[in-house]
Amino acid sequence: MNPVGRDPNRILLEVRDLRRFFPIRKGFFSRVRGYVKAVDGVSLDVRRGEVVGLVGESGCGKTTLARTILRLIEPTSGSVLFDGIPVFSLKGGELRRLRKRFQIIFQDPYGSLNPRLTVGSMIAEPIKIHKIARGAAVKERVADLLQKVGIPAEHMNRYPHEFSGGQRQRIGIARSLAVGPEFVVADEPVSSLDVSVQAQILNLLRDLQVEFGLTFLFITHDLGVVEYLADRVAVMYLGKIVEVAQTERLFGNVKHPYTQALISAIPSLDPQKKRQRIVLPGDVPSPAAVPPGCPFHPRCPKAMSHCRTDVPSLREDEPGHHVSCWLYQPRA
Amino acid sequence: MNSETLLEITNLTCSFRTAEGVARAVDNVSFSVMRGETLGVVGESGCGKTVTALAILRLIPSPPGKIDAGKIVYKGTDLLTLRQREMRKIRGNEISMIFQEPMTSLNPVFTCGYQIDEAVILHQKVGKKEARERTIEMLHLVGNPDPPVCANSYPHQLSGGMRQRVMIAMALSCRPSLLIADEPTTALDVTIQAQILELLQSLRERFGMAVLMITHDLGVVAETAQRVVVMYAGEVVEVGRVDDVFHHPGHPYTIGLQESIARGSQKGRRLKAIPGRVPDPADYPSGCRFRDRCPLAEARCAAEVRLREAAPRHFTRCWKDMTPSKAP
């Protein structure tokens, strides 16, 4: 757990060509009539100690991607290496041991806590399962974790309904950290909270990241939060990553037209600065019927004729800045 | 009340009976809406912004809720004195409302077209055929690519953004003078949110209606509103022109809200979160309700603090003087 002893540039997570399709079954024999391509060929590296922001609109596959990486959902194809260990080929005890090293924080602090368990027993559960502590040491660890997330330790015998939304999210965070993970997926951890509480939770996540040397995959639709928190940003659209870059680089030099529209849609807090908003026409297409060619072409203000037929690939346009758009690559 | 005032709320107080006691959801709230303007109402959940809106339309469920006191004067008549029958002529006709969740506010067993027709037939005294023409026209106006098909669709067949457009079409079908929009874009994706805000803006200009934009998002207010009301714990804590409130916020809560928003310019710094949480509506502290969380609180804040005009047309419920200049 000592962040100093780690090589900061070492890649902790390597996602390669990951796919997860959900079959659509219809009719008498429930025959498969098509697939929802929730994650369609995603490759992504996450370095140790890094915060990677994953942004996109609802239904773009960001949650499925995260859950598949953690093997909470089985993949259709592709591979994930976690610290060099192939996650998808592990079984039983080996997988369980690896699970200790990666955890998830869920969006809904109301639905993700068991209403019949006290907060203390909920946080103690993973500690016992993974045999991290025994006997009185469990309680001590729970108290310590609660303290760290800003909940008085004497509240450990209370039930979730006795806490506010922000406090429940803190409890969810304590539970995720109970097993001492290295890698944490935070799936929209502040979206359901009020602004002033959001700031408290974001501060907490930042503190914990520094204290434990955590690596974060931070899923959100809020670009303000991403710009504030993330070292690198990956933008997803319809199951594919369309742009990845260092945060400053991405916000300073946006390449993909979809990212441009997303960033222009961040409401400005200055009433005098009426921004030039790019309003995209139409809705996000259903991932069950992804348009041919570049999946973004029906809404793209810069679409060219070959965008309708040819699929662009995610290519490095500038060092560390990958984009999947025909504007930045020669046609094969 | 001058001729430019469309709606004037004076000392509105609403309470709800709860297991913990009587909760004053809205306490002595006063503000007015001018003709044709967009007035933003911001605040966090439980601050009373939605209850205020429901009170205007007299839609507060009773029991457990109750309008205890106050006046809501619309075009010269106090809505709180009207009979139900008279109120129905105003609701959906003169004043209409759109809600946060378009799925739950549309009836799933009727087509979208039928639901819009209904409002038109009820208020405009026209036949079915004429009403449907109006419906198609409205759907066209809110940017539906194929109005006749949409009119025959059920709500579940449409996307979230399209459902919100149907709601807007329904709300505007009788050309109201005031549209109450309660978090109209909160449930929508960023790019769809941009579309809906743009649409509301253009329709407001076209019909010359006033919009009461209720939201928790300061960005939405900065973008759409001319004036803003900030609410906290059932009270109005600040009112003013958007430029004044955003650049020279007068209340520590408004400052706290602005500073707690995460954005790139804060990178690497801790966010200045407002400590603590909103007080329990059944048990507000005496004096200033924000004083437990306020970095500037002092002894005199325990006494009642009134809304005062600290700068021309800029009101705040705080002793402190406005910050001279502050870049948001």
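Two residues are said to be in contact if their C-beta atoms, placed from the backbone, lie within 7 Å.

1. This is a predicted model, in which local features need pLDDT of at least 70 and side-chain atom pairs count only at pLDDT 80 or more, while totals for chains, interfaces and linings use all residues. Residues are numbered from 1 along each chain as its sequence is written, and chains are lettered from A and ligands numbered from 1 in the order in which they are written.

2. In chain B, an open sheet of four strands runs in the order β2-β1-β4-β5 with antiparallel pairing, where two strands pair if DSSP finds at least two bridges between them. Helices (H or I, at least four residues) and strands (E, at least two) are DSSP runs numbered from the N terminus. The edge strands are β2 (21-34) and β5 (77-78) of chain B, each of which pairs on one side only. Strand β1 (residues 5-18) of chain B pairs with β2(B) in the antiparallel sense over 10 bridges, and R24(B), in β2(B), is the bridge partner of S15(B).

3. Helix α1 (residues 49-56) of chain B lies across β1, β2 and β4 (65-74) of chain B, and runs at about 70° to β2(B). Axes here are lines fitted to C-alpha atoms, for helices over the stretch in contact, and angles run from 0 to 180 degrees between N-to-C directions.

4. Helices α4 (residues 112-124) and α5 (residues 128-141) of chain B have axes that come within 9 Å and cross at roughly 115°. Residues of α4(B), among them I116(B) and V120(B), meet residues of α5(B) that include A131(B), T135(B) and M138(B).

5. The largest nonpolar core has 186 residues, of which F218(A), L178(B), L212(B) and M213(B) touch the most other members. Such a core is a set of buried Ala, Val, Leu, Ile, Met, Phe, Trp, Tyr and Cys residues joined through C-beta atoms within 7 Å, a residue being buried if 20 or more other C-beta atoms lie within 10 Å of its own. Leaving aside neighbours within four places in sequence, L212(B) is in contact with residues including V33(B), A53(B) and L178(B).

6. Between the chains, 33 residues of chain A are in contact with 39 residues of chain B. The elements giving two or more residues to the side of chain A that touches chain B are α6 (195-212), α7 (223-229) and α9 (257-264) of chain A, and the largest share, seven residues, comes from α6(A).

Conventions: Buried ≥ 20, exposed ≤ 12 C-beta atoms within 10 Å, placed from the backbone.
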